[in-house]
Structure formats: structure tokens, C-alpha cells
Amino acid sequence: MSLVRRASWEKRHRDAAPGPPEPCLLELLPVIPPGLALDIAAGTGRNAIALARAGFRVVAADYSVAAMRTVGRLAALEHLPIFPLITDLEESFPFRHAVFDLVVNISYLDRRLVPQLKRALRIGGVLLFDTFTIAQLPLGHPHDPKFMLQHDELRAILADMEMLHYREGLTTYASGRQAWRATALARRIA
Ligand SMILES: C[S@@+](CC[C@H](N)C(=O)[O-])C[C@H]1O[C@@H](n2cnc3c(N)ncnc32)[C@H](O)[C@@H]1O
């Protein structure tokens, strides 16, 4: 675990409010039946809040204390069933096998975690995975290519699942900002 990186996230999350949910989440929510969701590396909860408003119970996990405090405060304000959990996902993955109906991994890439994300899903549960691709590199954020998916990498990583939706391309946000990303919605079948 990099203490410098963690401290930098802590600083970024202090006093930050969640922005709008990732567009792919809003697009795909109508085809995902509500249930128990796990939002990993949830940040200040923009996606967890959208899920809870749509009827999910959500465990939001992140190692930032500030981010998890914000999630807890916002959930309490709206009486949303979101359960913040402070955990370093590089050190431990404190979730039981086959319990979640949905696992969400947005704007976070730790390839070693993928088998655990799959195992956390019940059979028939779905994984929504969306993050930057290597096409994003010239645009400058993120800076480190290790946090970007190679072309078709996400499809390969999830080859043992039933792919319900797959897209690689340019996402345009309401702000006008654009980003190269890959999105997959995949069902656990075994
Ligand atoms: C780019 S943000 C994405 C946040 C959220 N998924 C979203 O889409 O808004 C990445 C998040 O990963 C968290 N993070 C980074 N490394 C982590 C780790 N080892 N364990 C838990 N959380 C981590 C950071 O604190 C940050 O909130």
C-alpha cells in the first residue's frame, strides 16, 4: 500500500461533495434488479447514492476515512440504506462469497481484485465494471498507465462471465469533459 497515494486521496476527499453518478450506471440501472450491492472504492458515494435511491441496499467500501464519513452523513440525511466501510482493498477484501446481487467497480483498477469481485457475487449476480482505457493516456488523467485498461482487456478479464453489455469508447459528461473508458456489465454464471 502506498501511504503517499492514500494521503493524497484523503486530502482530495476532505470537504469534497459527490458529483453526479457515472453515466454508465444511470444507463444500465434500469436493467439491474435491485438487491444488495457492493460499491468498491466508492469515494464520496456518487454511485452508491444513485444505487440506494434506485432501491438497492449498498455497502460502500473505500480506504478514505473522509470519503466514508461523507457517505455516512449523506446517507443519514436522506435515510438511504448505505453502509460505509473503511477498508484497504489492497490489504484485505472483507466480504463473504456469493452474497451480493451487484458489485460496482467504477474508476478504480486493481487487477488482483477481480477474482474476489466475482466471488462476492451470488450466482446470477452482476458486475458493473467501468474505468479508463489506455486511449485516455494522451488526455493526461489518470497519469499512470497501470490504472488504465488495455484495449479489450476488460472483456478478457471477464471471459468466464456472461457479458450482458460491453462498450469501449469516449464518454461525454454533462460538463462537456470527455474520457476514454471501457464498460462491462457481466453476470456470474458459475
Ligand atoms: C477515482 S476514485 C473513484 C471513486 C468512485 N468509485 C467514483 O466513481 O466516484 C478512486 C477511489 O479509490 C479509493 N482507493 C484507492 N486505493 C484504495 C484501496 N487500496 N483501498 C480502498 N480504496 C481505495 C480512493 O480513496 C478513491 O475514493
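## About the model

Residue numbers start from 1 along each chain as its sequence is written. The structure is a predicted model, in which local features need pLDDT of at least 70 and side-chain atom pairs count only at pLDDT 80 or more, while totals for chains, interfaces and linings use all residues.

## Overall fold

Helices (H or I, at least four residues) and strands (E, at least two) are DSSP runs, numbered from the N terminus. Along the sequence they follow the pattern α-α-β-α-β-α-β-β-α-β-α-β-β.

The radius of gyration is 16 Å, which agrees with the value near 16 Å that a compact globule of 190 residues would have. That radius is taken over C-alpha atoms, and the globule rule is 2.2 Å times the number of residues to the power 0.38. Buried residues make up 35% of the 190 residues; buried means that 20 or more other C-beta atoms, placed from the backbone, lie within 10 Å of the residue's own.

## The sheet

The 7 strands form an open sheet with mixed pairing, in the order β3-β2-β1-β4-β5-β7-β6. Its edge strands, β3 (82–86) and β6, each pair on one side only. Two strands pair if DSSP finds at least two bridges between them.

A parallel pairing joins β1 (residues 36–40) to β4 (residues 100–106) through 4 bridges, with A37 opposite L102 in β4. Strand β7 (residues 178–187) pairs in the antiparallel sense with β5 (residues 121–132) over 7 bridges, and 10 bridges join β7 to β6 (residues 162–172), also antiparallel. R181 in β7 is a handy landmark: R181 is the bridge partner of F132 and also has G169 opposite. The hairpin of β6 and β7 has 5 residues between the strands, and G176 in that turn has a positive phi of about 100°.

## Helix α1

Helix α1 (residues 3–13) lies largely in the open, because the number of buried residues among its 11 is 1. Just after α1, D15 takes a positive phi of about 65°.

## Around the ligand

Which residues come nearest to the ligand? They are W9, A41, G43, Y63 and L89, out of 17 residues around the ligand. A residue counts as near a molecule if its C-beta atom, placed from the backbone, lies within 6 Å of that molecule.

The shell divides into 8 nonpolar, 4 polar and 5 charged residues. Here Ala, Val, Leu, Ile, Met, Phe, Trp, Tyr, Cys and Pro count as nonpolar, Asp, Glu, Lys and Arg as charged, and the others, Gly among them, as polar.

Definitions and conventions: A residue is buried if 20 or more other C-beta atoms lie within 10 Å of its own, exposed if 12 or fewer, and partly exposed in between; C-beta atoms are placed from the backbone.
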